[in-house]
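Good morning, colleagues. Please look at the structure on the screen while I take you through a few of its local features.

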Amino acid sequence: MEGALSLLIHSPFASTNPNSSLSNKPLLFSPSSNHSILLFPAKSFNRTHRATSMASPPKDERKKAHRLNAEVSPHRAVSAVRLLRIEEGGAFADLLSEKGKNAARNEMGYVERTLGFRTRDLDDRDIRLVTDVVGGTVRWRRYLDHLIMSLCNEEKMFQDMEPLLLQILRIGVYEIVKLGMPAYAVVDENVRLAKVALRPGAGNLVNGILRKLVSLKEMDSLPLPKVEGDDRAQARVLATIHSHPVWMVRRWTKFFGQEEAVRLMNWNNSDPSFCLRVNTGKGYTRADLVSRLKDLKVAHEVSMHMDEFIHIQTGLQVVIQAGLLKEGLCSVQDESAGMVVSVLDPQPGETIVDCCAAPGGKTLFMAARLKGRGTIFAIDINKGRLRILKDTAKLLDVNGVITTVHADLRLFAENDMLKSDKVLLDAPCSGLGVLSKRADLRWNRRLEDLEHLKNLQDELLDAASMLVKPGGILVYSTCSIDPEENEERIAAFLLRHPEFDVDSVEGRVPLDFVTQRGHFFSNPVKHCIDGSFAARLIRSLDHPA
Ligand SMILES: C[S@@+](CC[C@H](N)C(=O)[O-])C[C@H]1O[C@@H](n2cnc3c(N)ncnc32)[C@H](O)[C@@H]1O
(Lines give C-alpha, C1' and ligand atoms only; values in the text may rest on other atoms or scores of the structure.)
Protein backbone atom coordinates (compact mmCIF):
# COMPACT_ATOMS: atom_id res chain seq x y z
CA MET A 1 0.00 0.00 0.00
CA GLU A 2 3.02 2.27 0.21
CA GLY A 3 2.81 2.97 -3.48
CA ALA A 4 -0.81 3.93 -3.19
CA LEU A 5 -0.06 6.25 -0.34
CA SER A 6 2.65 7.94 -2.29
CA LEU A 7 0.27 8.59 -5.13
CA LEU A 8 -2.31 10.04 -2.86
CA ILE A 9 0.10 12.59 -1.57
CA HIS A 10 1.51 13.33 -4.94
CA SER A 11 1.12 16.66 -6.64
CA PRO A 12 1.70 15.58 -10.20
CA PHE A 13 4.92 16.82 -11.55
CA ALA A 14 6.80 16.50 -14.74
CA SER A 15 9.33 13.86 -15.39
CA THR A 16 11.87 14.42 -18.10
CA ASN A 17 13.34 11.03 -17.62
CA PRO A 18 10.35 8.82 -17.97
CA ASN A 19 12.31 5.64 -17.53
CA SER A 20 13.64 6.50 -14.16
CA SER A 21 12.21 4.40 -11.37
CA LEU A 22 13.51 6.77 -8.69
CA SER A 23 10.42 8.80 -9.33
CA ASN A 24 8.34 6.14 -7.63
CA LYS A 25 9.74 6.81 -4.21
CA PRO A 26 6.92 7.93 -2.00
CA LEU A 27 7.19 11.30 -0.35
CA LEU A 28 5.47 13.08 2.41
CA PHE A 29 5.44 16.73 1.58
CA SER A 30 6.62 16.86 -1.94
CA PRO A 31 6.55 14.70 -4.99
CA SER A 32 9.68 12.79 -5.64
CA SER A 33 12.37 13.90 -7.95
CA ASN A 34 13.81 11.68 -10.61
CA HIS A 35 16.54 14.12 -11.44
CA SER A 36 20.01 14.36 -10.17
CA ILE A 37 20.29 17.41 -8.02
CA LEU A 38 22.43 20.31 -9.10
CA LEU A 39 22.74 22.13 -5.85
CA PHE A 40 24.93 25.03 -6.74
CA PRO A 41 24.46 27.26 -9.70
CA ALA A 42 28.09 28.27 -9.86
CA LYS A 43 30.90 25.85 -10.57
CA SER A 44 32.84 26.91 -7.51
CA PHE A 45 29.87 25.95 -5.33
CA ASN A 46 29.91 22.32 -6.40
CA ARG A 47 30.85 20.12 -3.51
CA THR A 48 28.79 17.06 -4.34
CA HIS A 49 31.82 14.80 -4.49
CA ARG A 50 32.72 15.55 -0.92
CA ALA A 51 29.14 15.08 0.22
CA THR A 52 29.26 11.62 -1.27
CA SER A 53 32.26 10.58 0.74
CA MET A 54 30.64 11.95 3.87
CA ALA A 55 27.24 10.36 3.34
CA SER A 56 28.37 6.89 2.22
CA PRO A 57 30.37 5.34 5.01
CA PRO A 58 32.71 2.46 4.16
CA LYS A 59 31.23 -1.05 4.34
CA ASP A 60 33.01 -2.12 7.53
CA GLU A 61 31.67 1.03 9.27
CA ARG A 62 28.14 -0.21 8.67
CA LYS A 63 28.50 -3.14 11.07
CA LYS A 64 29.63 -1.10 14.07
CA ALA A 65 27.18 -0.27 16.82
CA HIS A 66 27.74 3.36 17.72
CA ARG A 67 27.51 5.02 21.10
CA LEU A 68 24.47 7.09 22.03
CA ASN A 69 25.02 10.81 22.29
CA ALA A 70 22.07 12.19 24.22
CA GLU A 71 23.46 15.73 24.16
CA VAL A 72 23.21 16.35 20.43
CA SER A 73 19.90 17.70 19.20
CA PRO A 74 18.38 14.84 17.14
CA HIS A 75 16.44 16.99 14.67
CA ARG A 76 19.64 18.83 13.69
CA ALA A 77 21.66 15.64 13.32
CA VAL A 78 18.97 14.04 11.14
CA SER A 79 18.46 17.26 9.14
CA ALA A 80 22.20 17.60 8.46
CA VAL A 81 22.47 14.04 7.16
CA ARG A 82 19.28 14.32 5.13
CA LEU A 83 20.61 17.51 3.55
CA LEU A 84 23.81 15.70 2.64
CA ARG A 85 21.77 12.97 0.97
CA ILE A 86 19.75 15.49 -0.99
CA GLU A 87 22.95 17.20 -2.05
CA GLU A 88 24.37 13.98 -3.37
CA GLY A 89 21.27 13.46 -5.50
CA GLY A 90 18.92 11.60 -3.18
CA ALA A 91 15.21 12.20 -3.52
CA PHE A 92 13.84 15.09 -1.54
CA ALA A 93 11.89 12.75 0.66
CA ASP A 94 10.63 12.62 4.15
CA LEU A 95 11.53 9.04 4.78
CA LEU A 96 10.71 9.18 8.42
CA SER A 97 6.98 9.28 8.52
CA GLU A 98 5.38 7.93 5.46
CA LYS A 99 6.72 4.41 5.45
CA GLY A 100 6.27 3.79 9.14
CA LYS A 101 8.70 2.43 11.65
CA ASN A 102 11.02 0.59 9.30
CA ALA A 103 11.79 3.69 7.30
CA ALA A 104 12.43 5.65 10.49
CA ARG A 105 14.78 2.90 11.71
CA ASN A 106 16.57 2.84 8.36
CA GLU A 107 17.05 6.56 8.33
CA MET A 108 18.28 6.64 11.93
CA GLY A 109 20.72 3.85 11.04
CA TYR A 110 21.95 5.91 8.13
CA VAL A 111 22.37 8.96 10.34
CA GLU A 112 24.29 6.86 12.85
CA ARG A 113 26.65 5.46 10.25
CA THR A 114 27.27 8.86 8.71
CA LEU A 115 27.88 10.73 11.95
CA GLY A 116 29.54 7.91 13.92
CA PHE A 117 27.16 8.15 16.90
CA ARG A 118 23.50 7.62 17.75
CA THR A 119 21.04 10.26 18.84
CA ARG A 120 17.90 9.61 20.85
CA ASP A 121 14.84 8.71 18.75
CA LEU A 122 12.84 11.52 17.21
CA ASP A 123 9.52 12.47 18.76
CA ASP A 124 6.67 14.08 16.78
CA ARG A 125 7.99 17.57 17.39
CA ASP A 126 11.45 16.57 16.15
CA ILE A 127 9.93 15.08 13.02
CA ARG A 128 8.06 18.31 12.30
CA LEU A 129 11.28 20.25 12.86
CA VAL A 130 13.25 18.01 10.49
CA THR A 131 10.62 18.62 7.80
CA ASP A 132 10.67 22.39 8.36
CA VAL A 133 14.42 22.70 8.63
CA VAL A 134 15.24 20.50 5.64
CA GLY A 135 12.59 22.08 3.40
CA GLY A 136 13.54 25.60 4.43
CA THR A 137 17.28 25.05 4.19
CA VAL A 138 16.95 23.60 0.70
CA ARG A 139 14.65 26.43 -0.39
CA TRP A 140 16.81 29.20 1.06
CA ARG A 141 20.17 27.69 0.17
CA ARG A 142 21.44 30.42 -2.10
CA TYR A 143 20.56 33.11 0.43
CA LEU A 144 22.02 31.14 3.35
CA ASP A 145 25.24 30.54 1.42
CA HIS A 146 25.51 34.22 0.68
CA LEU A 147 25.31 35.01 4.40
CA ILE A 148 27.77 32.27 5.33
CA MET A 149 30.21 33.34 2.62
CA SER A 150 29.97 36.97 3.75
CA LEU A 151 30.79 35.91 7.30
CA CYS A 152 33.79 33.77 6.37
CA ASN A 153 37.15 35.49 6.63
CA GLU A 154 37.87 34.68 3.01
CA GLU A 155 35.92 33.21 0.09
CA LYS A 156 38.25 30.23 -0.15
CA MET A 157 37.30 29.22 3.37
CA PHE A 158 33.71 28.94 2.21
CA GLN A 159 34.58 27.17 -1.00
CA ASP A 160 36.74 24.59 0.74
CA MET A 161 34.30 23.94 3.53
CA GLU A 162 33.53 20.27 4.05
CA PRO A 163 29.95 19.28 3.21
CA LEU A 164 28.76 18.30 6.68
CA LEU A 165 30.12 21.49 8.20
CA LEU A 166 28.37 23.54 5.55
CA GLN A 167 25.06 21.78 6.23
CA ILE A 168 25.37 22.44 9.95
CA LEU A 169 26.06 26.12 9.25
CA ARG A 170 23.14 26.37 6.84
CA ILE A 171 20.85 24.84 9.44
CA GLY A 172 22.09 27.28 12.09
CA VAL A 173 21.72 30.32 9.83
CA TYR A 174 18.27 29.21 8.68
CA GLU A 175 17.08 28.64 12.25
CA ILE A 176 18.32 32.05 13.36
CA VAL A 177 17.39 34.17 10.36
CA LYS A 178 14.28 32.51 8.97
CA LEU A 179 12.77 30.51 11.83
CA GLY A 180 13.63 33.14 14.47
CA MET A 181 14.55 30.44 16.97
CA PRO A 182 16.31 31.59 20.18
CA ALA A 183 19.68 32.55 18.74
CA TYR A 184 22.10 31.49 21.45
CA ALA A 185 20.46 28.09 21.88
CA VAL A 186 20.76 27.57 18.11
CA VAL A 187 24.45 28.53 18.23
CA ASP A 188 25.16 26.17 21.15
CA GLU A 189 23.31 23.25 19.61
CA ASN A 190 24.94 23.55 16.20
CA VAL A 191 28.37 24.05 17.72
CA ARG A 192 27.88 20.86 19.73
CA LEU A 193 26.81 18.93 16.62
CA ALA A 194 29.85 20.15 14.68
CA LYS A 195 32.19 19.24 17.53
CA VAL A 196 30.80 15.74 18.01
CA ALA A 197 30.22 14.88 14.36
CA LEU A 198 33.45 16.46 13.09
CA ARG A 199 36.01 17.85 15.57
CA PRO A 200 36.43 20.67 18.10
CA GLY A 201 37.88 23.06 15.48
CA ALA A 202 34.73 22.70 13.36
CA GLY A 203 32.67 23.64 16.41
CA ASN A 204 34.79 26.76 16.91
CA LEU A 205 34.23 27.80 13.33
CA VAL A 206 30.45 27.33 13.64
CA ASN A 207 30.58 29.31 16.85
CA GLY A 208 32.48 32.20 15.24
CA ILE A 209 30.25 32.46 12.18
CA LEU A 210 26.92 32.06 13.94
CA ARG A 211 27.82 34.54 16.70
CA LYS A 212 28.81 37.14 14.10
CA LEU A 213 25.47 36.50 12.39
CA VAL A 214 23.52 36.91 15.62
CA SER A 215 25.10 40.28 16.41
CA LEU A 216 24.54 41.54 12.84
CA LYS A 217 20.93 40.39 13.01
CA GLU A 218 20.47 42.15 16.34
CA MET A 219 21.80 45.35 14.76
CA ASP A 220 19.52 44.78 11.77
CA SER A 221 22.49 44.83 9.42
CA LEU A 222 22.68 41.44 7.75
CA PRO A 223 25.02 41.65 4.74
CA LEU A 224 22.57 41.86 1.84
CA PRO A 225 23.36 43.11 -1.66
CA LYS A 226 21.48 46.09 -3.13
CA VAL A 227 19.20 45.73 -6.14
CA GLU A 228 21.05 47.98 -8.59
CA GLY A 229 22.91 47.94 -11.89
CA ASP A 230 21.74 46.57 -15.23
CA ASP A 231 19.07 43.89 -15.65
CA ARG A 232 21.56 41.08 -15.31
CA ALA A 233 23.07 42.51 -12.11
CA GLN A 234 19.62 43.10 -10.61
CA ALA A 235 18.57 39.56 -11.46
CA ARG A 236 21.67 38.20 -9.69
CA VAL A 237 20.90 40.19 -6.55
CA LEU A 238 17.22 39.25 -6.55
CA ALA A 239 18.22 35.63 -7.07
CA THR A 240 20.35 35.84 -3.92
CA ILE A 241 17.82 37.69 -1.78
CA HIS A 242 14.95 35.42 -2.81
CA SER A 243 17.08 32.30 -3.22
CA HIS A 244 16.30 31.23 -6.80
CA PRO A 245 18.51 30.48 -9.81
CA VAL A 246 19.42 33.61 -11.77
CA TRP A 247 17.97 32.21 -15.02
CA MET A 248 14.53 31.86 -13.45
CA VAL A 249 14.59 35.45 -12.19
CA ARG A 250 15.62 36.72 -15.63
CA ARG A 251 12.97 34.67 -17.37
CA TRP A 252 10.16 35.70 -15.05
CA THR A 253 11.23 39.35 -15.17
CA LYS A 254 11.11 39.13 -18.96
CA PHE A 255 7.66 37.51 -19.04
CA PHE A 256 5.92 39.02 -16.01
CA GLY A 257 7.97 42.10 -14.93
CA GLN A 258 10.20 42.44 -11.88
CA GLU A 259 7.46 43.06 -9.31
CA GLU A 260 5.51 39.99 -10.31
CA ALA A 261 8.71 37.93 -10.42
CA VAL A 262 9.43 38.93 -6.82
CA ARG A 263 5.86 38.06 -5.78
CA LEU A 264 6.25 34.68 -7.42
CA MET A 265 9.50 34.03 -5.58
CA ASN A 266 7.84 35.03 -2.30
CA TRP A 267 5.09 32.52 -3.03
CA ASN A 268 7.63 29.81 -3.82
CA ASN A 269 9.36 30.52 -0.52
CA SER A 270 6.19 30.42 1.55
CA ASP A 271 5.04 27.34 3.45
CA PRO A 272 3.11 25.15 1.04
CA SER A 273 -0.55 24.51 1.72
CA PHE A 274 -2.32 21.38 0.56
CA CYS A 275 -5.71 20.32 -0.73
CA LEU A 276 -7.55 17.10 -0.07
CA ARG A 277 -9.93 15.64 -2.62
CA VAL A 278 -12.68 13.48 -1.23
CA ASN A 279 -12.99 10.19 -3.04
CA THR A 280 -16.53 10.26 -4.35
CA GLY A 281 -15.72 7.14 -6.39
CA LYS A 282 -15.94 5.17 -3.15
CA GLY A 283 -19.18 6.85 -2.15
CA TYR A 284 -17.72 9.38 0.29
CA THR A 285 -18.98 12.96 0.40
CA ARG A 286 -17.16 16.15 1.30
CA ALA A 287 -19.26 16.26 4.49
CA ASP A 288 -17.69 12.90 5.50
CA LEU A 289 -14.23 14.37 5.09
CA VAL A 290 -15.12 17.58 6.92
CA SER A 291 -16.43 15.57 9.84
CA ARG A 292 -13.22 13.49 10.06
CA LEU A 293 -11.07 16.63 9.88
CA LYS A 294 -13.11 18.16 12.70
CA ASP A 295 -12.58 15.03 14.80
CA LEU A 296 -8.84 15.30 14.14
CA LYS A 297 -8.92 19.06 14.91
CA VAL A 298 -7.31 19.85 11.56
CA ALA A 299 -8.19 23.41 10.50
CA HIS A 300 -9.67 23.36 7.02
CA GLU A 301 -11.63 25.38 4.51
CA VAL A 302 -13.85 23.96 1.80
CA SER A 303 -12.93 25.00 -1.73
CA MET A 304 -15.00 27.75 -3.25
CA HIS A 305 -14.34 26.37 -6.70
CA MET A 306 -14.65 22.60 -6.59
CA ASP A 307 -17.14 20.51 -4.65
CA GLU A 308 -14.72 17.67 -3.92
CA PHE A 309 -11.85 19.77 -2.49
CA ILE A 310 -10.83 21.02 0.96
CA HIS A 311 -7.83 23.23 1.81
CA ILE A 312 -5.60 22.57 4.79
CA GLN A 313 -2.75 24.91 5.67
CA THR A 314 -1.22 22.57 8.24
CA GLY A 315 -2.05 19.15 9.57
CA LEU A 316 -1.28 16.98 6.56
CA GLN A 317 0.84 14.76 8.76
CA VAL A 318 -2.09 14.30 11.15
CA VAL A 319 -4.32 13.34 8.23
CA ILE A 320 -1.78 10.81 7.00
CA GLN A 321 -1.13 9.35 10.42
CA ALA A 322 -4.87 9.02 11.06
CA GLY A 323 -5.04 6.79 7.96
CA LEU A 324 -7.47 8.90 5.88
CA LEU A 325 -5.43 8.32 2.74
CA LYS A 326 -4.96 4.60 3.36
CA GLU A 327 -8.70 4.16 3.85
CA GLY A 328 -9.30 5.71 0.45
CA LEU A 329 -11.38 8.49 1.97
CA CYS A 330 -9.35 11.19 0.25
CA SER A 331 -6.24 11.97 -1.77
CA VAL A 332 -3.86 14.88 -1.61
CA GLN A 333 -4.41 16.78 -4.82
CA ASP A 334 -4.07 20.45 -5.65
CA GLU A 335 -7.18 22.26 -6.79
CA SER A 336 -5.29 23.32 -9.91
CA ALA A 337 -4.99 19.65 -10.92
CA GLY A 338 -8.69 19.21 -10.18
CA MET A 339 -9.56 22.09 -12.47
CA VAL A 340 -7.67 20.47 -15.35
CA VAL A 341 -10.07 17.54 -14.98
CA SER A 342 -12.98 20.02 -15.04
CA VAL A 343 -11.58 21.40 -18.30
CA LEU A 344 -11.75 17.90 -19.81
CA ASP A 345 -15.16 17.40 -18.15
CA PRO A 346 -15.40 13.58 -18.23
CA GLN A 347 -18.96 12.27 -18.51
CA PRO A 348 -20.27 8.79 -17.60
CA GLY A 349 -20.09 6.41 -20.55
CA GLU A 350 -17.25 8.18 -22.37
CA THR A 351 -14.02 6.66 -23.63
CA ILE A 352 -11.07 8.72 -22.47
CA VAL A 353 -7.34 8.38 -23.09
CA ASP A 354 -5.04 9.78 -20.41
CA CYS A 355 -1.80 9.95 -22.36
CA CYS A 356 0.72 10.62 -19.59
CA ALA A 357 -1.26 9.24 -16.74
CA ALA A 358 1.07 8.12 -13.99
CA PRO A 359 1.09 8.27 -11.05
CA GLY A 360 -2.57 8.92 -11.68
CA GLY A 361 -3.76 12.01 -9.82
CA LYS A 362 -5.94 13.13 -12.70
CA THR A 363 -6.87 9.63 -13.93
CA LEU A 364 -8.32 8.79 -10.55
CA PHE A 365 -10.34 11.98 -10.32
CA MET A 366 -11.62 11.46 -13.87
CA ALA A 367 -12.52 7.87 -12.95
CA ALA A 368 -14.56 9.09 -9.98
CA ARG A 369 -16.45 11.44 -12.31
CA LEU A 370 -17.33 8.54 -14.67
CA LYS A 371 -19.46 7.06 -11.85
CA GLY A 372 -18.67 3.50 -12.88
CA ARG A 373 -19.57 3.90 -16.57
CA GLY A 374 -17.04 4.39 -19.36
CA THR A 375 -13.34 3.60 -19.84
CA ILE A 376 -10.10 5.42 -19.25
CA PHE A 377 -7.00 4.12 -21.02
CA ALA A 378 -4.20 5.28 -18.74
CA ILE A 379 -0.96 5.31 -20.75
CA ASP A 380 2.48 5.96 -19.34
CA ILE A 381 6.04 5.13 -20.30
CA ASN A 382 7.06 4.60 -16.69
CA LYS A 383 6.10 1.13 -15.48
CA GLY A 384 6.77 1.80 -11.81
CA ARG A 385 4.62 4.90 -11.74
CA LEU A 386 1.90 3.06 -13.62
CA ARG A 387 1.93 0.35 -10.96
CA ILE A 388 1.29 3.02 -8.34
CA LEU A 389 -1.68 4.20 -10.41
CA LYS A 390 -3.07 0.66 -10.56
CA ASP A 391 -2.70 0.07 -6.82
CA THR A 392 -4.30 3.37 -5.95
CA ALA A 393 -7.18 2.82 -8.35
CA LYS A 394 -7.93 -0.40 -6.43
CA LEU A 395 -7.68 1.38 -3.11
CA LEU A 396 -10.07 4.09 -4.27
CA ASP A 397 -12.45 1.56 -5.85
CA VAL A 398 -12.31 3.13 -9.31
CA ASN A 399 -10.25 0.40 -11.00
CA GLY A 400 -13.33 -0.90 -12.86
CA VAL A 401 -13.14 1.92 -15.39
CA ILE A 402 -9.34 2.10 -15.79
CA THR A 403 -7.16 0.12 -18.19
CA THR A 404 -3.45 0.80 -17.83
CA VAL A 405 -1.18 0.73 -20.86
CA HIS A 406 2.58 0.70 -20.50
CA ALA A 407 3.84 2.42 -23.64
CA ASP A 408 5.59 5.34 -25.19
CA LEU A 409 2.67 7.47 -26.34
CA ARG A 410 4.41 8.27 -29.62
CA LEU A 411 4.62 4.60 -30.60
CA PHE A 412 1.22 3.75 -29.19
CA ALA A 413 -0.50 6.48 -31.21
CA GLU A 414 1.15 5.35 -34.43
CA ASN A 415 0.18 1.73 -34.01
CA ASP A 416 -3.20 1.89 -32.34
CA MET A 417 -6.54 2.47 -33.99
CA LEU A 418 -8.12 3.74 -30.78
CA LYS A 419 -10.19 6.88 -31.37
CA SER A 420 -11.78 8.30 -28.28
CA ASP A 421 -14.22 10.95 -27.12
CA LYS A 422 -11.70 12.79 -25.01
CA VAL A 423 -7.91 12.76 -24.68
CA LEU A 424 -5.91 14.30 -21.86
CA LEU A 425 -2.23 15.04 -22.36
CA ASP A 426 -0.83 16.09 -18.99
CA ALA A 427 2.60 16.62 -20.43
CA PRO A 428 6.03 16.26 -18.83
CA CYS A 429 7.03 19.84 -18.00
CA SER A 430 9.41 21.98 -15.99
CA GLY A 431 7.11 21.99 -12.94
CA LEU A 432 7.76 25.71 -12.49
CA GLY A 433 4.21 26.15 -11.17
CA VAL A 434 4.77 23.90 -8.16
CA LEU A 435 7.96 25.31 -6.67
CA SER A 436 6.33 26.11 -3.32
CA LYS A 437 5.67 22.40 -2.80
CA ARG A 438 8.90 21.27 -4.44
CA ALA A 439 11.63 22.83 -2.32
CA ASP A 440 14.44 21.24 -4.33
CA LEU A 441 13.05 21.58 -7.84
CA ARG A 442 14.34 25.11 -8.45
CA TRP A 443 17.91 23.82 -8.09
CA ASN A 444 17.33 20.78 -10.30
CA ARG A 445 15.97 22.60 -13.28
CA ARG A 446 18.23 24.11 -15.92
CA LEU A 447 17.34 26.52 -18.67
CA GLU A 448 18.46 23.92 -21.23
CA ASP A 449 15.76 21.53 -19.94
CA LEU A 450 13.11 23.79 -21.39
CA GLU A 451 14.27 23.26 -24.97
CA HIS A 452 14.18 19.50 -24.57
CA LEU A 453 10.80 19.66 -22.86
CA LYS A 454 9.26 21.85 -25.54
CA ASN A 455 10.28 19.38 -28.27
CA LEU A 456 8.89 16.49 -26.26
CA GLN A 457 5.65 18.38 -25.61
CA ASP A 458 5.21 19.01 -29.36
CA GLU A 459 5.83 15.36 -30.18
CA LEU A 460 3.43 14.17 -27.51
CA LEU A 461 0.77 16.65 -28.63
CA ASP A 462 1.04 15.37 -32.19
CA ALA A 463 0.72 11.80 -30.94
CA ALA A 464 -2.19 12.57 -28.59
CA SER A 465 -4.09 14.30 -31.39
CA MET A 466 -4.12 11.04 -33.36
CA LEU A 467 -6.25 9.41 -30.67
CA VAL A 468 -9.09 11.95 -30.81
CA LYS A 469 -12.20 11.03 -32.82
CA PRO A 470 -13.77 13.64 -35.15
CA GLY A 471 -15.70 16.05 -32.95
CA GLY A 472 -13.69 14.82 -29.95
CA ILE A 473 -11.79 16.83 -27.34
CA LEU A 474 -8.06 17.12 -26.69
CA VAL A 475 -6.87 18.76 -23.47
CA TYR A 476 -3.21 19.72 -23.09
CA SER A 477 -2.06 20.58 -19.57
CA THR A 478 1.11 21.32 -17.61
CA CYS A 479 2.01 22.30 -14.06
CA SER A 480 4.15 25.09 -15.44
CA ILE A 481 3.66 28.85 -15.53
CA ASP A 482 6.05 29.25 -18.44
CA PRO A 483 4.33 30.68 -21.57
CA GLU A 484 6.68 28.72 -23.83
CA GLU A 485 5.45 25.42 -22.38
CA ASN A 486 1.85 26.59 -22.41
CA GLU A 487 0.25 29.06 -24.87
CA GLU A 488 3.20 28.82 -27.23
CA ARG A 489 2.92 25.04 -27.54
CA ILE A 490 -0.79 25.36 -28.32
CA ALA A 491 -0.24 28.10 -30.90
CA ALA A 492 2.41 25.97 -32.62
CA PHE A 493 0.14 22.91 -32.50
CA LEU A 494 -2.77 24.77 -34.09
CA LEU A 495 -0.52 25.84 -36.94
CA ARG A 496 0.46 22.20 -37.53
CA HIS A 497 -3.10 20.90 -37.05
CA PRO A 498 -5.77 23.03 -38.72
CA GLU A 499 -8.26 20.27 -37.93
CA PHE A 500 -8.25 21.46 -34.28
CA ASP A 501 -9.73 24.65 -32.80
CA VAL A 502 -9.70 26.18 -29.35
CA ASP A 503 -12.81 25.32 -27.37
CA SER A 504 -12.97 27.94 -24.59
CA VAL A 505 -12.91 26.61 -21.03
CA GLU A 506 -15.41 29.27 -19.98
CA GLY A 507 -18.20 27.70 -17.97
CA ARG A 508 -16.05 24.72 -16.99
CA VAL A 509 -13.82 26.58 -14.51
CA PRO A 510 -14.40 29.87 -12.64
CA LEU A 511 -14.07 32.91 -14.89
CA ASP A 512 -11.09 34.16 -12.93
CA PHE A 513 -9.07 31.24 -14.30
CA VAL A 514 -9.96 31.77 -17.97
CA THR A 515 -7.31 33.48 -20.10
CA GLN A 516 -7.99 35.85 -22.98
CA ARG A 517 -7.43 33.01 -25.41
CA GLY A 518 -9.96 30.81 -23.65
CA HIS A 519 -7.44 28.58 -21.88
CA PHE A 520 -7.26 27.70 -18.18
CA PHE A 521 -4.43 29.21 -16.12
CA SER A 522 -3.95 29.20 -12.36
CA ASN A 523 -1.50 31.80 -11.15
CA PRO A 524 0.05 30.91 -7.76
CA VAL A 525 0.39 34.57 -6.76
CA LYS A 526 -3.16 35.50 -7.69
CA HIS A 527 -5.04 32.30 -6.87
CA CYS A 528 -2.89 30.92 -4.03
CA ILE A 529 -2.83 27.43 -5.53
CA ASP A 530 -0.26 25.67 -7.73
CA GLY A 531 0.42 27.18 -11.13
CA SER A 532 -0.97 25.18 -14.00
CA PHE A 533 -2.29 25.50 -17.51
CA ALA A 534 -4.79 23.68 -19.71
CA ALA A 535 -6.03 24.25 -23.23
CA ARG A 536 -9.18 22.53 -24.51
CA LEU A 537 -9.16 21.81 -28.24
CA ILE A 538 -11.88 20.32 -30.40
CA ARG A 539 -11.32 18.23 -33.53
CA SER A 540 -13.55 19.26 -36.41
CA LEU A 541 -16.10 16.73 -37.62
CA ASP A 542 -15.12 16.94 -41.27
CA HIS A 543 -11.45 16.01 -40.74
CA PRO A 544 -11.32 12.23 -40.44
CA ALA A 545 -8.86 10.99 -37.82
C1 LIG B 1 3.22 15.39 -15.47
S2 LIG B 1 3.49 13.71 -15.29
C3 LIG B 1 1.85 13.11 -15.34
C4 LIG B 1 1.10 13.28 -14.06
C5 LIG B 1 -0.23 12.59 -14.09
N6 LIG B 1 -1.06 13.02 -15.18
C7 LIG B 1 -0.98 12.81 -12.78
O8 LIG B 1 -1.93 13.60 -12.74
O9 LIG B 1 -0.61 12.17 -11.81
C10 LIG B 1 4.11 13.27 -16.85
C11 LIG B 1 4.14 11.78 -17.12
O12 LIG B 1 4.50 11.62 -18.49
C13 LIG B 1 5.11 10.37 -18.62
N14 LIG B 1 5.79 10.33 -19.94
C15 LIG B 1 6.89 11.00 -20.35
N16 LIG B 1 7.18 10.72 -21.63
C17 LIG B 1 6.21 9.85 -22.05
C18 LIG B 1 5.96 9.18 -23.29
N19 LIG B 1 6.77 9.35 -24.35
N20 LIG B 1 4.90 8.36 -23.37
C21 LIG B 1 4.09 8.17 -22.30
N22 LIG B 1 4.29 8.77 -21.11
C23 LIG B 1 5.32 9.60 -20.99
C24 LIG B 1 6.04 10.34 -17.42
O25 LIG B 1 6.41 9.02 -17.11
C26 LIG B 1 5.16 10.99 -16.34
O27 LIG B 1 4.53 10.02 -15.57
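Ser243 is buried, with 22 other C-beta atoms within 10 Å; a residue is called buried if 20 or more other C-beta atoms lie within 10 Å of its own, exposed if 12 or fewer, and partly exposed in between, with C-beta atoms placed from the backbone. Ser243 is not a glycine, yet its phi is positive, about 55 degrees. The residue sits in the loop between helix H13 (231-241) and helix H14 (246-256); helices are DSSP runs (H or I) of at least four residues, strands (E) of at least two, numbered from the N terminus.

This is a predicted model: local features need pLDDT of at least 70, side-chain atom pairs count only at pLDDT 80 or more, and totals for chains, interfaces and linings use all residues. Residues are numbered from 1 along each chain as its sequence is written.

Is Lys297 buried or exposed? Lys297 is exposed, with 8 other C-beta atoms within 10 Å. Its phi, near 60 degrees, is also a positive value in a residue other than glycine. Lys297 lies in the loop between helix H16 (286-295) and strand E2 (301-302).

Most residues other than glycine have a negative phi, and most peptide bonds are trans. A cis peptide bond, with omega about 5 degrees, joins Ala358 and Pro359. Pro359 belongs to the loop between strand E5 (351-354) and helix H19 (361-370).

Finally, Cys355. Leaving aside residues up to four places away in sequence, Cys355 touches Ile379, Leu409, Val423, Leu424, Leu425, Leu460 and Ala464; contact requires C-beta atoms, placed from the backbone, within 7 Å.

Technical notes
Contact = placed C-beta atoms within 7 Å.
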